[in-house]
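Q: I would like to learn how to read some features of a protein model. Could you take me through them one at a time?

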Amino acid sequence: MAGWPSHFVAAGPATFDAPSTLAVDTINSADLADVTALTNAFVALIQTVEVAGSTSIIINSDVLDAATADKGAAIGTVAVKQALTAAVDTTASAIDLADINALTDDVQGWAQAYNLVVSSLAPQATFGWTVSIGDFAYNVHSGKRAVWNAASGATSDLLSTFGLYQADSLTKADFVAFTKSATTPALTDEQWHYALEYVKQVSDHLKTPALLSDIPTAQAATYFLGNTTGDRNIRKAAHSNVFALLFDSNTVN
């Protein structure tokens, strides 16, 4: 991954020698129909990425998770072109109007708009979308195919259909970020194995490296870092195409 060491990185917010990252929070899926909110979110995105430099941008959103089941059909029309055009007018940013007009007014077009903005205004940065390690991880799975059927297949299909990681696209994202909420129960070792199989399968399908982002330190530090060298699962994470693990705090306490 460009801008990252060749070795696996495990870091907290205050790790001084870790590559820099920038979290970008999108509009919530419930607000996509609000054109003013949509425009303001694009303005905020433009203003943020214009000064991003060569950092790694992590796009945090509940929209992809919400769209996974039906590829955004239930969300319906999103005024992508109107909102992004207004945001570009407001910020006087250098985004080609023809590229904006090529977007579709739906969730797919909304997501591609983020790729367009970041690629146009922060060409030296790397970036990726965040998806959640969902409830499937709490269930028992009989093997790799069961994990694919329960979760990986749907996520892979969504990201492929939306074209966010299309190999020949000039605006393709560089990595997929996977996160685990601190508000949901901690995963057991076995459940983390399922989660990492999910990460690997999605990453393999997209031919794109993976990042574990904002992982709850209190819940996962022991699994990944271990109490002894033999307890560590860093190698398993690396085998799952993960190039870095970013914890949400520096200590368990």
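Q: Which residue in β4 does Ile58 stand opposite?

A: Ile58 stands opposite Gly128 in β4. Before going on, note that this is a predicted model, in which local features need pLDDT of at least 70 and side-chain atom pairs count only at pLDDT 80 or more, while totals for chains, interfaces and linings use all residues. Residues are numbered from 1 along each chain as its sequence is written, and side-chain values use heavy atoms, with hydrogens and water left out.

Q: In what sense do β3 and β4 pair, and over how many bridges?

A: Two strands pair if DSSP finds at least two bridges between them. The strands themselves (E, at least two residues) and the helices (H or I, at least four) are DSSP runs, numbered from the N terminus. Strand β3, residues 56-60, pairs with β4 in the parallel sense over 4 bridges. β4 also pairs in the parallel sense with strand β5, residues 175-179, this time over 5 bridges. In that pairing Ser132 stands opposite Thr179 in β5.

Q: Which residues have the most contacts inside the largest nonpolar core?

A: A nonpolar core is a set of buried Ala, Val, Leu, Ile, Met, Phe, Trp, Tyr and Cys residues joined through side-chain atoms within 4.5 Å. The largest one here has 73 residues, and Trp110 and Phe224 have the most contacts inside it. Helix α5 (residues 107-121) supplies the largest share of this core, 9 residues. Another core, of 10 residues, lies apart from it, with Trp4, Val9, Ala11 and Ala177 among them.

Q: What is Phe224 in contact with?

A: Contact means heavy atoms within 4.5 Å. Leaving aside neighbours within four places in sequence, the partners of Phe224 include Trp192, Leu196, Leu212, Ile234 and Phe247.

Q: Where does Ser240 lie, and what does its side chain reach?

A: Ser240 lies in the loop between α9 (234-239) and β7 (242-247). At 3% relative accessibility, Ser240 counts as buried. A polar contact is a pair of N or O atoms within 3.5 Å; within protein, one must be able to donate a hydrogen and the other to accept it, and residues adjacent in sequence count only if both atoms are side-chain atoms. The side chain of Ser240 reaches the backbone oxygen of Lys236 at 2.9 Å. Not counting residues up to four places away in sequence, Ser240 touches Leu196, Val199 and Lys200.

Q: How many residues does α1 have, and what caps its N-terminal end?

A: The expected span of a helix is 1.5 Å times one less than its number of residues. α1 has 15 residues and reaches 21 Å from its first C-alpha to its last, close to the 21 Å expected at 1.5 Å a residue. Asp34 caps the N-terminal end, with a side-chain oxygen 3.1 Å from the backbone nitrogen of Thr36. The buried residues of α1 include Leu38, Phe42, Leu45 and Val49. Among the elements that cover the buried residues of α1 are β2 (21-25), β3, α3 and α5. Ala37, also in α1, is partly exposed, with a relative accessible area of 24%.

Q: What phi does Ala92 have?

A: Most residues other than glycine have a negative phi. Ala92 has a positive phi of about 55° although it is not a glycine. Ala92 is found in the loop between α3 (80-91) and α4 (97-101) and counts as exposed at 69% relative accessibility. Asp214 also has a positive phi of about 55°. Asp214 is placed in strand β6, residues 210-215, and counts as partly exposed at 46% relative accessibility.

Terms used
Buried < 20%, exposed > 50% of the residue type's maximum accessible area, 1.4 Å probe, protein only.
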